Amino acid sequence: MTWVLVVLGFSALVILHEGGHFVVAKMTGMRVERFFLFFPPKLVSVRIGETEYGIGMIPLGGFVKITGMNPEELERAEEDAAAGESGYGTTGLNGQAEAGRDTPQGLLERVESAGQDPSEGEVLSPDVIERAYYNQPVWKRIAVIAAGPAVNIVLAFLLLTVVYTDVREPVGFGVSTASNAITAGTPAAKALRPGDRFISIDGVPTRVRDIRTIDKVKRRLHFANFKANHLSRLITRHGCSSPPRPGCIPNRRVHIKLIRDGKVITVHPRTYFDPKAEDVVSGEKVQGKFRLGFAFSTVGTQTSHQSVGDAANLAVDRMWYVTSTTLSKLAQLFNPQDRKQLSGVVGASSALNQAVSFSPRIGLYVLALISLSLGVINLFPFLPLDGGHIFWSLVEKVRGRRVPFYVIERASAIGFLLVIMLFVIGLTNDIGRLSG
């Protein structure tokens, strides 16, 4: 049942994204030929007015086809219309020119036209050509293209605002009950047990402050994270050299007071140096740090109810954090550690499925982050992404005339390769995670 909800959730994101393009295109007077959920081959469709609405067989997104989005195609249609008026015949808008058919832009055009009856070719009237995408002012084109990502970003804001009307934070921390919570052969394996609940670490209480007593809204959202990071730093500071090096044995032990099976006990493990782990020292990443070898787990929850204004404030704060983190990770794409954190459709679907299984509230939270990521990534200035169309419209505005189609084609080839590269990296990471 949860996978049904996941499919419905992703379908809703696609429909709303493409619906943004569709509605603004209609509002600005453009001619929308096709509005499809998923990619062709066509599964089912119906024509209402001048637009064909349908569902494709390949569930990797959706598209809105607006007349005249390909400059070369539009020029051909204009020439054909002029030739038709002179009595020389025509191929219509659907008769694509041979040049550019094997470019990424040409491939996308053919995907959008897949399953379409060749007999549907038509001679475009001057009125329709006048309404074509590339015959519209730049501001209209940007409005149409930006509407899709804007819908996703606004949806993310609304969902997060709903989620943050109640801020839930852990009461305390302990050792996760998962089977792999403690790494075999580490100091934690000798001193800790899954399900242990911490009372203090080095004398610092692990209980999280009652967030209802925190006045600043943003601090409520991040307070548990600050607490967890502080406790982790208490452990990692038990090293024996600077910079840290493998082989050394720390002189100081970590003093941990905890509850196990209803009894209060104290353990005093030493840390070990993990050369594969990353740490942050003076704001810079360093390779290797001292650890005990266990995974933190939250214990219990506490809730603080927020006003709509406070919830919206928290939503904006989280959106900014996710957006800046996404851009940072993509900017460091050639860093192996950062590259491993990328996820694709499979990973996002799996995460959403787990979140929905856990609770509807967490499901909405993850769906909001997916919607936000979809909106942000689509604004990257590379064709075939929406941001690529916006970029070339702005270039045209600055130049004062259309950009030659061959220039756009070459740029789209680069963008297409970047998109494919991100897709392959995300899919590879997803398969790695699912296979354990």
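# Briefing on a predicted protein model

The crossing of helices α5 and α11 is left-handed. The model described here is predicted. The protein has 436 residues, 44% of which count as buried, and its secondary structure comprises 13 helices and 10 strands.

**The pairing of α5 and α11**

- Two packed helices are described by the angle between their axes and the distance between the axes.
- Helix α5 covers residues 138-163 and helix α11 covers residues 360-378; their axes come within 8 Å and cross at roughly 155°.
- Angles over 145 degrees count as roughly antiparallel, and α5 is therefore roughly antiparallel to α11.
- On the α5 side, the contact is made by Pro149, Asn152, Ile153, Leu155, Ala156, Leu159, Leu160 and Val163.
- On the α11 side, the residues in the contact include Arg361, Leu364, Tyr365, Leu367, Ala368 and Asn378.
- The residues of this contact divide into 13 nonpolar, four polar and one charged.

- Gly415 belongs to helix α13, which spans residues 405-434.
- With a relative accessible area of 1%, Gly415 is buried, because buried means under 20%.
- Leaving aside neighbours within four places in sequence, Gly415 is in contact with Phe382, Leu383 and Pro384.
- Gly415 and Leu383 are 32 residues apart in sequence, and their C-alpha atoms are 5.1 Å apart in space.
- Leu383 is joined to Pro384 by a cis peptide bond, with omega near 10°.
- Pro384 itself lies in the loop between α11 and α12, the latter being residues 386-399.

**A further cis peptide bond**

- Pro40 and Pro41 are also joined by a cis peptide bond, with omega about 15°.
- Pro41 is part of strand β1, residues 32-48.

**Positive phi at two aspartates**

- Asp202 is not a glycine, yet it has a positive phi of about 55°.
- Asp202 sits in the loop between β4 (197-201) and β5 (204-205).
- Asp261, likewise not a glycine, has a positive phi of about 55°.
- The loop that holds Asp261 runs between β6 (256-260) and β7 (263-267).
- Asp261 counts as exposed, because its relative accessibility is 77% and exposed means over 50%.

**The protein as a whole**

- Among contacts in the protein with a separation of 6 or more, 66% are between residues 24 or more positions apart.
- The protein exposes about 22700 Å², of which carbon and sulfur atoms supply 61%.

Notes: Residues are numbered from 1 along each chain as its sequence is written. This is a predicted model: local features need pLDDT of at least 70, side-chain atom pairs count only at pLDDT 80 or more; totals for chains, interfaces and linings use all residues. Side-chain values use heavy atoms; hydrogens and water are left out. Helices (H or I, at least four residues) and strands (E, at least two) are DSSP runs, numbered from the N terminus. Buried means under 20% relative accessible area, exposed over 50%, partly exposed in between (1.4 Å probe, protein chains only). Contact means heavy atoms within 4.5 Å. Accessible areas come from the Shrake-Rupley method with a 1.4 Å probe; for residues, only the protein chains shown count as cover. Axes are lines fitted to C-alpha atoms, for helices over the stretch in contact, and angles run from 0 to 180 degrees between N-to-C directions. Angles under 35 degrees count as roughly parallel, over 145 as roughly antiparallel, 65 to 115 as roughly perpendicular and the rest as oblique. A crossing is left-handed if the near helix is turned anticlockwise from the far one by less than a right angle, and right-handed if clockwise. Ala, Val, Leu, Ile, Met, Phe, Trp, Tyr, Cys and Pro count as nonpolar, Asp, Glu, Lys and Arg as charged, and the others, Gly among them, as polar.
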